Amino acid sequence: MATSRIDPLTLEVIELIGTVVARYYEEYEQAAAAHSLTGAQARVLGLLSVEPLPMRRIAQKLKCEPSNVTGIVDRLEARGLVERRPDPADRRVKLAAPTERGASTALQLRDALDFAREPLAGLSEADRTVLRDLLRRMVGTDPVAGPAPWSA
């Protein structure tokens, strides 16, 4: 059986991506703790600040079980940061949406994330565009290239 060897460049890219992700999560956890939130609660609040979502869609975006999302939304709702409302397109579906306080908290959380903003500010707009486009290709959301081969 042949063993697959990763070339040094690919290995370095994987390690760098891992470092970026670890730093991002560490800073996100710290920002969340400053608001007495867990990292998961902060991530849900951040998603909902973009658009109200049904529980199953939140679970898909976070790659977790819908039952976990229900508990997170329950806790955010109890703190007055999130509310459930009927989906105007299908009143049988409930959307989780940030309250005014929740939207303000999500904005404060985003503003606290200096890790990514500072290094990215050091890149030109052209470099940031290339980076964005490469990341879109990697995750399969590039409208030009279509889905990544491993996401099908």
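What share of the contacts in the chain with a separation of 6 or more comes from residues 24 or more positions apart? The share is 44%. Keep that in mind while walking through this predicted model.

Start with the overall layout. The chain has seven helices and three strands. Read along the sequence, they run α-α-β-α-α-β-β-α-α-α. The C-alpha trace spans about 50 × 35 × 35 Å along its principal axes. The chain holds 152 residues, and 26% of them count as buried.

Now the surface. The chain exposes about 10500 Å². Carbon and sulfur atoms supply 57% of that area. As for charge, there are 21 positive and 21 negative side chains. The centres of these two sets lie 6 Å apart.

What do they pack against? After α3 comes K63, with a positive phi near 55 degrees.

Leaving out residues up to four places away in sequence, I58 touches V44, L47, L48, L53, V69, V73 and A96. This residue also belongs to the largest nonpolar core, a set of 23 residues. Within that core, I58 and V73 touch the most other members. The elements giving two or more residues to the core are α1, α2, α3, α4 and α5 (100–112). Of these, α2 gives the most, with five residues. I58 and V73 also touch each other.

Finally, go to the loop between α1 (8–34) and α2 (39–50), where S36 is found. Is S36 buried or exposed? The cut-off for exposed is over 50% relative accessible area. S36 has 57%, so this residue counts as exposed. S36 still has partners beyond its sequence neighbours: leaving aside those within four places, S36 is in contact with Q41 and R79. L113 is another reference point, 77 residues from S36 along the chain. The C-alpha atoms of S36 and L113 are separated by 16 Å.

Note on methods:
Residues numbered from 1 in each chain as written. Predicted model: local features only at pLDDT ≥ 70, side-chain atom pairs only at ≥ 80, totals over all residues. Heavy atoms only, no water. Helix = DSSP H or I, 4+ residues; strand = E, 2+ residues; numbered from the N terminus. Buried < 20%, exposed > 50% of the residue type's maximum accessible area, 1.4 Å probe, protein only. Contact = heavy atoms within 4.5 Å. Areas by Shrake-Rupley, 256 points an atom, 1.4 Å probe, with all protein chains shown as cover. Lys, Arg positive; Asp, Glu negative; His and termini not counted. Charge placed at Lys NZ, Arg CZ, Asp CG, Glu CD. Core = buried A, V, L, I, M, F, W, Y, C linked by side-chain atoms within 4.5 Å.
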